[in-house]
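Reader: I am new to this structure and would like to know what the terms rest on. Please show it before we start.

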Amino acid sequence: MKRILTNKYFLFLIRVTIGFLFIYAGAEKISDTEAFAISIYNYRLLPVSTLNFFAITLPWLEIITGILLLFGIAVKENSVIIFTILSIFTIAIVISLFRGLSIDCGCFGKGTQIGLMKLGENLLMIVGLLILIVFGSDFLKLKSD
């Protein structure tokens, strides 16, 4: 099992996949910040006064960390940042499901409802991020030499 988890191509695939997903997700949110703010509001977990701050800053954080991850820059550190963001999103989804809310998750713009499928997707990415946090990924990284 460790041989698979330390395989440079496997680690690279995880890194690139999650990097692209977060770049895309952030870009979708930036393209319609108002809709993302409404998605955040629908969870009913944050004070209304903080919605604009999160709707504006989270997408940029996703894009920046996604780009850095994609290019192999500080892979473990950026994986921790994305892991934290994704864990918070996942907890919010679980809380909302327990509260019986049927809302748009706000993950990739409009249209994706919270549910078991979304939880499964998030958990799969969380596992991938944990693998990157433990093993890193130096294959085809941008060199700073």
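**Helices, contacts and cores**

Author: The buried residues of H3 pack against H2, H4 and H5. This is a predicted model, where local features need pLDDT of at least 70, side-chain atom pairs count only at pLDDT 80 or more, and totals for chains, interfaces and linings use all residues. Residues are numbered from 1 along each chain as its sequence is written, and side-chain values use heavy atoms, with hydrogens and water left out.

Reader: Which residues of helix H3 are buried?

Author: In H3 (residues 33-43) they are Ala35, Phe36, Ala37, Ser39, Ile40 and Tyr43. Buried means under 20% relative accessible area, exposed over 50%, and partly exposed in between, with a 1.4 Å probe and protein chains only. Helices are DSSP runs of H or I with at least four residues, numbered from the N terminus. Just after H3, Arg44 has a positive phi of about 55 degrees.

Reader: Why does Asn122 count as buried?

Author: Its relative accessibility is 3%, and therefore Asn122 counts as buried. Asn122 sits in helix H6. Leaving aside neighbours within four places in sequence, Asn122 is in contact (heavy atoms within 4.5 Å) with Leu86, Thr90 and Ile93.

Reader: Why are H2 and H4 called roughly antiparallel?

Author: Helix H2 (residues 8-31) and helix H4 (residues 51-70) pack at an angle of about 155 degrees, their axes 7 Å apart. Axes are lines fitted to C-alpha atoms, for helices over the stretch in contact, and angles run from 0 to 180 degrees between N-to-C directions. Angles over 145 degrees count as roughly antiparallel, under 35 as roughly parallel, 65 to 115 as roughly perpendicular and the rest as oblique. H2 and H4 are therefore roughly antiparallel.

Reader: Which residues make the contact of H2 with H4?

Author: H2 contributes residues including Arg15, Ile18, Phe22 and Lys29, and H4 residues including Trp60, Glu62, Ile63 and Leu69.

Reader: What makes up the largest nonpolar core?

Author: A nonpolar core is a set of buried Ala, Val, Leu, Ile, Met, Phe, Trp, Tyr and Cys residues joined through side-chain atoms within 4.5 Å. The largest has 15 residues, of which Ile18, Phe22, Leu69, Ile82, Leu86 and Leu132 touch the most other members. H2, helix H5 (75-98) and helix H6 (116-135) each give two or more residues to this core, and H6 gives the most, with five residues. Apart from this core lies another, of eight residues, among them Ile103, Cys107, Ile114 and Leu119.
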